[in-house]
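Biologist: Can you walk me through this one? Keep it short, please.
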Amino acid sequence: MKKIFFEIDPSKRIPFLLGSGFAENHKISEIFNNRKNYGNDFQVNNLIKSREFFKNLQKNQILYPKIFTKAPSKKTLIKSFKSFGSQKIKILKNKDYNLKKNEYFQEYIDGKNTTVQFICCKKKLKLISICKQVLKKNTFFIDYLITKKITSYQKKKILNLVKKVVKIFNLKGINNIDIISNKGKIYLIEINSRPGLSSNIIYKLNGGPFINEKKSCKGFQATKIIYSKKEIVINKKIIKFFKENCNSNNFSELPNERDIIKVNKPICLLHLMANTEKLLEQKLNIKAKNFLNKLENNLWKKKLVSTT
């Protein structure tokens, strides 16, 4: 990556915006030194992935699930400072579990999962969307995000929380926060200080990564992760299948040739919209099921050909 960037832009004049998986990697920070950054600084990304993050929340009286160095008696999660998204989250089953490097115990709170997308630039702040976060059954993996309607009172509470978080951590560019609502209280789970799963929703509602006056689209927007049911080696035939069946309006993050998709790992993202939340959830499930069935048939045909 370093070689490519310095070949394309040796004078360091091209600005950049890093997405999920790159913004968390401080090892590549030297590539972007002295370049204009439309997102958060690496120092900010590192801070929110450390114990100092929780100290700042406590100092500023922001509610969050308690963290522990020793396993408590109640239901508890094991998490890692170095993971992003829902990676490496698991339920504590053995009270004698020894924490590994960068791991910590966190209180489990049962409530409604919500993710909030916003953009901040030069002391301006715009809430882009508030989405229901639906997890895959019996896991902490995200199944899909879907925009939701909330009351003006709820929106005000969320906006006040976002304003505090932006000020405390000096956030800029595209960000989102994951929260859990329980008995009228809002708990901050984490800050994702870069574009990620909700990027397509942000683009459709806002028109890009900067604050503008574009009006929100009518209806509901959603992004669903399509997970693989089996290990798949991406070959030329599968690439052809993607080109024939996956238009860019509805699919993104498609794998490249020679990629290996493990069982229960993401294949791609599916983006849809509808007039009602119920209809959109139905469309997501039908479209994802059809995609996987067609892909399965494509793989099965390949096996038949290779054995005859």
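This is a predicted model: local features need pLDDT of at least 70, side-chain atom pairs count only at pLDDT 80 or more; totals for chains, interfaces and linings use all residues.
Biologist: What order do the strands of the open sheet take?
Modeller: The 8 strands run E9-E8-E5-E6-E7-E10-E14-E12, with antiparallel pairing. Strands (E, at least two residues) and helices (H or I, at least four) are DSSP runs numbered from the N terminus. Two strands pair if DSSP finds at least two bridges between them.
Biologist: Which strands stand at the edges?
Modeller: Strand E9 (185-192) and strand E12 (251-252). Each has a single partner strand, so one side of each lacks a neighbour in the sheet.
Biologist: How many bridges link E12 and E14?
Modeller: E12 pairs with E14 (residues 266-274) over 2 bridges. Ser252 has Leu269 as its bridge partner in E14.
Biologist: New topic. Where does Ser193 lie?
Modeller: Ser193 is in the loop between E9 and H6.
Biologist: Buried or exposed?
Modeller: Ser193 is buried, at 6% relative accessible area. Buried means under 20%, exposed over 50%, partly exposed in between (1.4 Å probe, protein chains only).
Biologist: Which residues is Ser193 in contact with?
Modeller: Beyond neighbours within four places in sequence, Ser193 is in contact with Asn40, Asn45, Ile48, Ile174 and Asn175. Contact means heavy atoms within 4.5 Å.

Key. Residues are numbered from 1 along each chain as its sequence is written. Side-chain values use heavy atoms; hydrogens and water are left out.
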